[in-house]
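Please consider the following note alongside the sequence and the model.

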Amino acid sequence: MTTTSPHQYRWQKAIRRTTQRVSALPRVGTSGRVVRATGMVVEVVGLRVAVGSACKIELPKNEAQSAQNTPYAEAEVVGFSGDKLFLMPLEQISGLMPGARVSPLSDGSGHSARRFPVGEELLGRVLDGNGNPLDDREYPEDSPRATLDTPPLNPLSRAPIDTQIDVGIRSINALLSVGRGQRMGLFAGSGVGKSVLLGMMARYTKADVIVVGLIGERGREVQDFIDNILGPEGRRRAVVVAAPADTSPLQRLQGAAYATRLAEGFRDEGRNVLLIMDSLTRFAMAQREIALAIGEPPATKGYPPSVFAKLPGLVERAGNAERGGGSITAFYTVLTEGDDQQDPIADSARAILDGHIVLSRTLAEAGHYPAIDIEASISRAMTAITDDAQQRESRIFKQYFSRYQRNRDLISVGAYTPGHDPQLDEAVRRFPELEHFLQQNIHESATVDASRQALHALVGESA
């Protein structure tokens, strides 16, 4: 049996004491320092972390703060050049000084990706782009946490769009039918009623969960949408993520990604989700601000190439899951600047979405609500989710409506005389009924069956 000598015992005891003292010390962490701050971008040297990682920038303490309570601002790495990192703060920073220390934020497992609350406990809540409550209720501590990044779904494993959903709008149900898992765009200028139309869809659409992303809109509209448009009944089954126009561009990007991540979480549980995002254009503008700030050259009308890479990355996350799983039916508003349908963001969104509903300022100014331009709108999934009879009646409806609109000026000045064109005569006779069919009160709901019956009664004998 081996015995320990007094000399060895003293050394072992000293090693144990030293180990205990060392283990009690804080772990060594890497840090960098601020060398430049211009506009929204903070340049940092001495730190090696990946793009997209979260960091904290230490700020000067005031007299009321203890040494252990060092104030800091959260920021995200948005790019790098050589040994310099470009960081963008999530909020406006005051008191930033040259040489301020910057260190990566860790979630406890060594990862610097931030985690956000998700799950059932968030129903009925209003959150900001960071997952913090805006509704004067407690922070959702018990909710599970998840990062905003998710692996893309295999397009071949997605369930097809083969079931029509009821959105409660007669003209959409009958003429622009929307399928479960479809991504639709609402294209409109400012002030033509797109928020009201979204609210009608939120109230009347048959969905298990509603996720609303209010991105880059006026702060007043957030309260108005929740109280007057969404309403108490819609809010009970909804989660609202608000990142208004006065927040940083990074928070606006994050708010859109967070709303989409919440919808994905409910879809993965097998639920049918309605995702409403107002607006996709503000998301693109936020990315433009970030890209230009870090030196990316503008390409199309001031928009850098990264903007057009971000859009499909966000939109493609919505849609159906695998067969037998849940779905995300998404409506994205697209703000057409100056009512220009060839705006670069509108043109790009039109190409990646499964259909578009165009709202007309002319119709809105004439008191025609919802102001849907039925000629310029289309649902690319309609042929897969409706029968031949409805498709035929929808086509006849549009033909009559378009025939009248093309000759509207002649009719207005009295140059039209009946008897020369039988199809135009029929369009003129039916036009008041066609126009009435397209109009709907904000508090009126039209089911799919009622919409089809109204369409059949209007043009069924001509089909």
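How do the residues of the lining of the largest pocket divide into nonpolar, polar and charged?

1. The lining of the largest pocket comprises 24 nonpolar, 11 polar and 12 charged residues. Here Ala, Val, Leu, Ile, Met, Phe, Trp, Tyr, Cys and Pro count as nonpolar, Asp, Glu, Lys and Arg as charged, and the others, Gly among them, as polar.

2. This is a predicted model, in which local features need pLDDT of at least 70 and side-chain atom pairs count only at pLDDT 80 or more, while totals for chains, interfaces and linings use all residues. Residues are numbered from 1 along each chain as its sequence is written, and side-chain values use heavy atoms, with hydrogens and water left out.

3. The volume of the largest pocket is about 1000 Å³. A pocket is an open set of points, on a 1 Å grid over the protein atoms alone, where a 1.4 Å probe fits, with protein on both sides within 12 Å along at least five of seven lines; lining residues have an atom within 4 Å of a point. The volume is the space filled by probe spheres set on the points, which are joined across faces, edges and corners.

4. In total, 47 residues line the largest pocket, and L148, D149, A257, K310 and R317 lie nearest its centre. Two or more lining residues come from each of strand 4 (72-81), helix 5 (249-268), helix 6 (280-293), helix 7 (305-315) and strand 14 (319-320). Helix 5 gives the most, with 6 residues. Helices (H or I, at least four residues) and strands (E, at least two) are DSSP runs numbered from the N terminus.

5. The axes of helix 5 and helix 6 come within 8 Å and cross at roughly 140°; axes are lines fitted to C-alpha atoms, for helices over the stretch in contact, and angles run from 0 to 180 degrees between N-to-C directions. These two helices are therefore oblique to each other (under 35 degrees is roughly parallel, over 145 roughly antiparallel, 65 to 115 roughly perpendicular, and the rest oblique).

6. A barrel is closed by 6 strands in the order 1-2-5-4-3-6, with antiparallel pairing; two strands pair if DSSP finds at least two bridges between them. Strand 3 (residues 54-58) is joined to strand 4 by 5 bridges, and A54 has E76 as its bridge partner there. Strand 3 also pairs with strand 6 (residues 101-104) over 3 bridges, where C55 stands opposite P104.
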